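Subject: Structure handover

Hello,

Here is the structure we discussed, with notes on what turned up in it. Please read the notes with the model open.

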Amino acid sequence: MKKSQITYEEQSENVFALSTGDLMAGLLFIFILLLMGALLQVEEKAEQDEQIVKRYDQIKTQLYIDLEEEFKQDLKVWNAVVDSVNLSIRFQEPSTLFAYDRVELRPQFKEILNDFFPRYLRLISSEQYKDNIEEIRIEGHTDSHGTYEYNMKLSQDRTRSVLNYCLGLVAEPDKQWTISRITANGLSSSHLIYNEDGTENPELSRRVEFRIRTNAEKQLEEIADKRFRRR
């Protein structure tokens, strides 16, 4: 005769198995919720990064167009170019800028700056751009003649001369905004310019550049740095 009733031991085993199964299901559900939340955060961060990239591209493109338009009649006379990649205006006639191995601005370069810098500052400090400007970099570059260390000091001293002269051209209402952003950066021969055949172009390498860094560019650098650290 078969027993129709489940023993106490069998009931206890079934209850324990059921409780363990429920616990595992609950933990799995919680894990799925956490995973979904993490994925949503990653997706939102990616969208934010994409918006920063789009914003940077829009600002960069429009600023380049406006710089070209503002100075299109002068660039050839000054032997200068607008660099769309670095958002810089490059003065590339070394004989106009400084005497050989000297840091004092030549009179002709002062005349150029008298015309250039107030217009340049008026454009980038306009309502359209002023909140997006992180840094106005005055960069001094040399060719590879001489030692790197000597050229570093020379380029730094020259950029300080340019900075001091430009600050003297700034009207008082714009003084504080300009001072909080403008920097002098001597770079020696670290950023040479080369000919098509790969040889150094000493004339073009000896130059002064006014480069703009936007706050969107700074955020892009921070994004890239965070991604690098996660690797």
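In these notes, buried means under 20% relative accessible area, and exposed means over 50%. Asn185 has a relative accessibility of 16%, so Asn185 counts as buried. Please keep in mind that this is a predicted model.

Asn185 and the sheet

Asn185 sits in strand β4. The side chain of Asn185 makes a polar contact of 2.9 Å with the side chain of Thr183. Setting aside neighbours within four places in sequence, Asn185 is in contact with Glu135, Arg137, Ile138, Glu139, Gly140 and Thr159. Thr183, also in β4, stands opposite Arg137. β3 and β4 run parallel and are joined by five bridges.

The sheet as a whole is open and has five strands in the order β1-β2-β5-β3-β4, with mixed pairing. β1 and β4 (182-186) are at the edges with a single partner strand each, so one side of each has no neighbour in the sheet. On average, neighbouring strands are turned by 20 degrees against each other, direction ignored. Helix α4 packs on this sheet and touches β2, β3, β4 and β5; the direction of α4 makes about 5 degrees with that of β5.

Nonpolar core

The largest nonpolar core has 37 residues, of which Phe91, Phe109, Phe116, Tyr120 and Phe210 touch the most other members. At least two residues each come from α1 (8-71), α2 (75-78), β1 (80-83), β2 (88-91), α4 (107-124), β3 (133-141), α5 (148-167) and β5 (207-214). The most come from α4, which gives nine residues. Not counting residues up to four places away in sequence, Phe91 touches Trp78, Asn79, Ala80, Leu97, Phe109, Ile112, Phe116, Arg207, Val208 and Phe210.

Ser125 is in the loop between α4 and β3. Its relative accessible area is 14%, so Ser125 is buried. A polar atom of the Ser125 side chain lies 2.5 Å from the backbone oxygen of Leu121. Apart from neighbours within four places in sequence, Ser125 is in contact with Lys130 and Trp177.

Salt bridges

The whole structure contains 16 salt bridges. Three of them are described here.

- Glu135 and Arg213: the closest N and O atoms are 3.4 Å apart. This pair links distant parts of the chain, with Glu135 in strand β3 and Arg213 in strand β5, 78 residues apart. Both residues, Glu135 and Arg213, are buried.
- Lys153 and Asp157: the N to O distance is 2.8 Å. Both lie in helix α5, four residues apart, which is about one turn of the helix. Lys153 has a relative accessibility of 52% and therefore counts as exposed, whereas Asp157 has 19% and counts as buried.
- Glu209 and Arg207: the closest N and O atoms are 2.7 Å apart. Glu209 and Arg207 are both buried.

Salt bridges with shared partners also join Glu135, Arg137, Glu139, Arg211 and Arg213 into one network.

Regards

Key: Residues numbered from 1 in each chain as written. Predicted model: local features only at pLDDT ≥ 70, side-chain atom pairs only at ≥ 80, totals over all residues. Heavy atoms only, no water. Core = buried A, V, L, I, M, F, W, Y, C linked by side-chain atoms within 4.5 Å. Buried < 20%, exposed > 50% of the residue type's maximum accessible area, 1.4 Å probe, protein only. Contact = heavy atoms within 4.5 Å. Pairing = 2+ DSSP bridges. Axes fitted to C-alpha atoms, helices over the stretch in contact; angles between N-to-C directions. Polar contact = N/O pair within 3.5 Å; in protein donor to acceptor, adjacent residues only side chain to side chain. Salt bridge = Lys/Arg side-chain N within 4 Å of Asp/Glu carboxyl O.
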